[in-house]
Every structure is written in C-alpha cells, then in structure tokens.
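Some notes on this entry follow, point by point.

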Amino acid sequence: MDRIRITGGQRLDGVIPISGAKNAALPLMIASLLTDETLTLANVPRLSDVSALSRILSNHGVDRSIAGKRVGQTSETGQTFALTARQIVDTCAPYELVSTMRASFWVIAPILARMGEAKVSLPGGCAIGTRPVDLLLMALERLGAKIDIENGYALARAPKGLKGGDIVFPKVTVGGTHTALMAAVLADGVTTIENAAREPEVVDLADCLNKMGAKIEGAGTSTITIRGVGRLSGTHHAVLPDRIETGTYAMAVAMTGGDVLLEGARADLLQSALDVMSEAGVEVSTSNEGVRIRRNGAALEPVDVTTDPFPGFPTDLQAQLMALMTRANGTSRIRETIFENRFMHVQELARLGAKIRLDGDAAYVDGVEKLTGAPVMATDLRASVSLVIGGLVAEGDTMINRVYHLDRGFEALEAKLGRCGAQIERISG
Ligand SMILES: CC(=O)N[C@H]1[C@@H](OP(=O)(O)OP(=O)(O)OC[C@H]2O[C@@H](n3ccc(=O)[nH]c3=O)[C@H](O)[C@@H]2O)O[C@H](CO)[C@@H](O)[C@@H]1O
Ligand SMILES: C=C(OP(=O)(O)O)C(=O)O
C-alpha cells in the first residue's frame with residue numbers, strides 16, 4: 001500500500017492548476033446512460049473514483065474512449081472521455097461494483113428512465129456516516145416508480161415509463177437532486193423539485209443535460225422545474241473546476257505561509273469558505289486566472305464555522321479548516337451538521353500535536369505553537385488531506401498511510417504541492 005511522506009516547514013509559492021470536480025464528473029459520467037449518442041466530457045480528473053465508475057458504466061454497456069493530456073507544468077490537467085451507451089446491456093448494478101463507491105447508486109435513475117427497470121445494490125454506510133438513500137427512492141416513487149428492497153438491492157420498476165410529479169425533499173440532498181434530475185428529464189410531463197440542492201455540481205449536471213436536449217429550469221435555486229422530453233442526444237461538456245480541491249490548496253497555502261495562484265479556480269464556487277479564510281487573516285484575491293492566496297507572517301485568527309448545504313460552508317472542507325485552525329491564535333469552533341461521524345481526523349491531528357475537544361456536533365480547536373511529524377492514518381478522503389495540511393507545517397516527517405483515500409479525490413497531489421516547494425513524496429508498496 002502506498003504511503004506519503006511529508007517533511008514539514010516549507011512555504012508554498014507558485015501556481016497550482018485546479019482540476020475538474022470529482023463530485024461533478026461522477027454524475028456527468030452517469031448521465032451518459034440517458035442517451036444512445038456520445039457524451040463527450042472534458043476536464044475529467046484522473047482519480048480512482050473516476051476509474052471505478054468507468055468500470056461500473058462499462059458493465060451497463062457504456063463504451064469509453066479517452067483523449068487527453070498528461071498533468072503538465074500549468075493547466076494541463078484532466079482528460080477527455082467520449083462515453084457512448086448505444087444500448088444498456090445490463091440493468092443490474094451488483095454489490096461488488098456499487099460497494100466500492102457511493103455515487104454509483106445514482107445509476108438507478110438513468111437506467112430506470114431509459115429501460116423501465118433497474119436493480120442496484122444499496123450503497124451501505126461508510127466512514128463519515130450512514131449515507132441513507134431513502135430520499136432518492138422517494139423521488140423515484142414520486143415519478144411513478146414502484147420500489148422494492150430485496151436482498152440488499154433496490155429494485156425500481158416503471159414498465160410504462162416515468163411520469164412527471166412533485167418532489168419535495170424534507171432536507172437538502174445532493175444525491176437526491178442528481179437522481180431526481182436524471183429520472184425526470186425523460187419522464188412524461190412536468191416535474192418540480194422543491195428544496196433542491198443548490199450545489200454548483202447540480203448546476204453543472206443540469207447545464208449538461210440541457211445541452212443534451214433536456215428542459216430544466218431553476219438549477220442553482222431551491223425550486224427546479226423539468227419538462228420531460230422523449231429522448232436526449234449527445235453533447236460536449238467541460239467539467240467545472242473542483243471547489244473542494246481549490247479550498248484544500250487555499251488552506252494548505254494559508255497554513256504554510258506563501259503565495260500561490262490557484263489557476264482556473266472560481267471564487268464564486270466557494271465564497272463562504274474564502275470568506276472564512278479572509279476572516280482568519282488570509283489574503284484572498286481573484287482574477288480571470290483564478291484565485292490567489294497569500295499569507296505573509298500574519299497570525300491566523302480563530303473562527304466559528306458551521307457546515308451547511310451550498311452556499312454555506314461545505315462539509316467537504318471541514319477537516320481541512322480544522323487542520324488550519326490547529327495553528328490559530330486562539331480557540332475555534334467548527335460544527336458539522338451534514339454527517340454524524342465526520343470527525344475521524346481529530347484523533348489523527350492529535351497525533352501531530354493538535355488540541356481538539358469534541359462536544360456533540362462541535363469541535364473546539366485550541367491553536368498550538370507547533371505541530372510535530374508522526375505516522376498517521378486517515379479513514380476518508382477529506383480527513384486524509386487534512387493530515388497533509390498538518391504535515392506541511394509539522395516539524396520533521398509525517399508519514400500518511402492509506403493513501404488510496406487521497407487518490408479518490410486529489411489529482412496529482414504530490415506533483416502539485418511539490419512544484420510549489422513542499423517536500424512531499426510517495427513511497428510505493
Ligand atoms: C448537502 C451536502 O452538503 N451534501 C454533501 C453530501 O452529498 P451526498 O449526495 O453524499 O449526500 P446528501 O447531500 O444526499 O446528504 C445530505 C444529508 O441528507 C441525508 N440524506 C441523504 C439522502 C437520503 O436519501 N436520506 C438522507 O437522510 C444525509 O444523511 C445527509 O445528512 O456529501 C458529499 C460528499 O461528502 C458532499 O460533496 C455534499 O456537499
Ligand atoms: C466523501 C466524499 O465522497 P463520497 O460522497 O463519494 O464518499 C467527498 O467527496 O468528500
């Protein structure tokens with residue numbers, strides 16, 4: 001199993017190109033199941049989650065060809081996929097494939113919409129919480145599907161096709177909104193989604209579906225209206241920049257001090273997180289090229305932050321902010337309201353010398369003078385990268401185990417940080 005060794009204490013200076021967003025690329029790839037024409041996606045990040053989803057889509061009959069550049073000096077990240085689901089050859093997504101990644105459950109919507117039935121393994125829990133799918137299934141039922149749960153599988157049937165309907169989500173769900181969109185675009189009649197997720201990745205999916213011929217209005221607001229169409233066509237779409245990768249590197253730069261341009265980043269996708277960083281005393285500026293982050297010796301001020309659905313502070317940046325606040329000049333409070341078990345990084349940050357107390361959904365972080373390197377191990381993607389941020393300033397060596405978590409969501413992490421001066425290396429085997 002690969003490990004990453006970081007020798008802390010280097011400033012970060014230079015340019016970090018921002019990749020396409022994992023959390024947009026995955027639903028966009030799944031949308032290829034909705035048409036028998038080719039969906040071409042540019043700026044798809046090279047990530048293990050993308051490879052895992054490619055295998056799942058291939059099992060359903062999606063043909064994939066790749067054209068793209070290798071990670072280079074500047075903005076040459078990502079790859080271009082041409083995805084063609086001429087026919088859906090299998091309407092079942094088996095446990096062995098779905099259990100490797102949660103987002104794969106979303107295939108239930110396009111397969112049901114196109115074939116009138118789908119059988120998909122329930123995704124199960126994971127390190128950050130229970131991850132239920134009841135609201136996704138409720139959305140499909142509102143469009144006329146009959147749902148049965150049997151032997152760990154969700155069976156969805158709509159032999160006469162889906163019908164437009166009114167979906168009211170009792171809480172904001174990103175996965176539920178993706179699922180509802182992909183089911184409703186081919187349904188007969190009009191669908192409304194109330195309390196829809198407003199995340200940029202939902203907007204990216206809706207934009208792409210509209211280019212394929214769908215009629216979706218209101219994506220990015222809490223009410224989305226979809227007029228069903230008879231069929232969708234292929235199109236070309238570029239995945240939007242990854243706001244979580246952007247926020248992660250912004251916090252890494254803030255942690256080490258330095259001056260880095262996050263090339264291609266869009267500030268509007270993570271304004272709440274950038275506002276928190278400004279409040280903490282970090283210089284944030286934006287231009288056509290991206291977002292520039294600077295901290296030159298100024299102390300980090302503590303913050304009081306609660307995670308929330310977009311446009312609130314993202315749960316996917318909570319662990320990274322916590323790592324940053326371990327060096328603040330006082331006590332920060334960070335509340336996690338999306339997932340019940342997303343504090344697994346606390347005990348590992350403590351191994352680097354962080355002082356963090358947990359009380360219910362809140363973490364109280366007392367800033368410390370210094371962190372010291374240690375062997376650490378993370379249980380999920382964002383928790384792992386919070387340890388990278390800690391390791392960048394810890395005295396001595398930090399060895400991060402279970403690097404496969406990082407490979408799920410950060411394209412060329414060592415190369416991007418290494419080019420800006422970090423002492424970071426992957427140890428294979
Ligand atoms: C609103 C939110 O911040 N969603 C995050 C969530 O999306 P993801 O799509 O994984 O999760 P949801 O947005 O669906 O979940 C939001 C909340 O709704 C609950 N829920 C969800 C579906 C369901 O059927 N029943 C149910 O109760 C979840 O337990 C959670 O508390 O994790 C992703 C990966 O970390 C993040 O990128 C998303 O930003
Ligand atoms: C937890 C994440 O991914 P997933 O929802 O696929 O587990 C994430 O993107 O932070």
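1. Helices here are DSSP runs of H or I with at least four residues, numbered from the N terminus. The model is a predicted one.

2. Helix 5 (134–142) and helix 6 (174–184) each contribute at least two residues to the shell around ligand 1. That ligand is surrounded by 21 residues, the closest being Leu 135, Thr 173, Val 174, Gly 175 and Pro 309.

3. The shell around ligand 1 divides by class into 11 nonpolar, 6 polar and 4 charged residues. Domain 1 (3–19 + 243–427) and domain 2 (22–227) each provide at least three residues of this shell.

4. Around ligand 2 are Asn 23, Met 101, Arg 102, Ala 103, Cys 126, Ile 128, Asp 316, Leu 381, Arg 382 and Gly 409. By class, 5 of the shell residues are nonpolar, 2 polar and 3 charged. Ligand 2 lies between domain 1 (3–19 + 243–427) and domain 2 (22–227), because both give residues to its shell.

5. An open sheet of 4 strands shows mixed pairing and the order 4-5-3-14. Strand 4 (63–67) and strand 14 (235–238) are its edge strands, each pairing on one side only. On average, neighbouring strands of this sheet are turned by 20° against each other, direction ignored.

6. Within the sheet, strand 3 (residues 38–44) and strand 5 (residues 79–84) run antiparallel and are joined by 5 bridges. Leu 41 has Phe 81 in strand 5 as its bridge partner.

7. Helix 1 (residues 22–31) lies across strand 3, strand 5 and strand 14. Relative to strand 3, helix 1 runs at about 170°.

Key
Residues are numbered from 1 along each chain as its sequence is written. Chains are lettered from A and ligands numbered from 1 in the order in which they are written. This is a predicted model: local features need pLDDT of at least 70, side-chain atom pairs count only at pLDDT 80 or more; totals for chains, interfaces and linings use all residues. A residue is near a molecule or strand if its C-beta atom, placed from the backbone, lies within 6 Å of it. Ala, Val, Leu, Ile, Met, Phe, Trp, Tyr, Cys and Pro count as nonpolar, Asp, Glu, Lys and Arg as charged, and the others, Gly among them, as polar. Domain bounds come from an automatic or database domain assignment. Two strands pair if DSSP finds at least two bridges between them. Axes are lines fitted to C-alpha atoms, for helices over the stretch in contact, and angles run from 0 to 180 degrees between N-to-C directions. Two residues are in contact if their C-beta atoms, placed from the backbone, lie within 7 Å.
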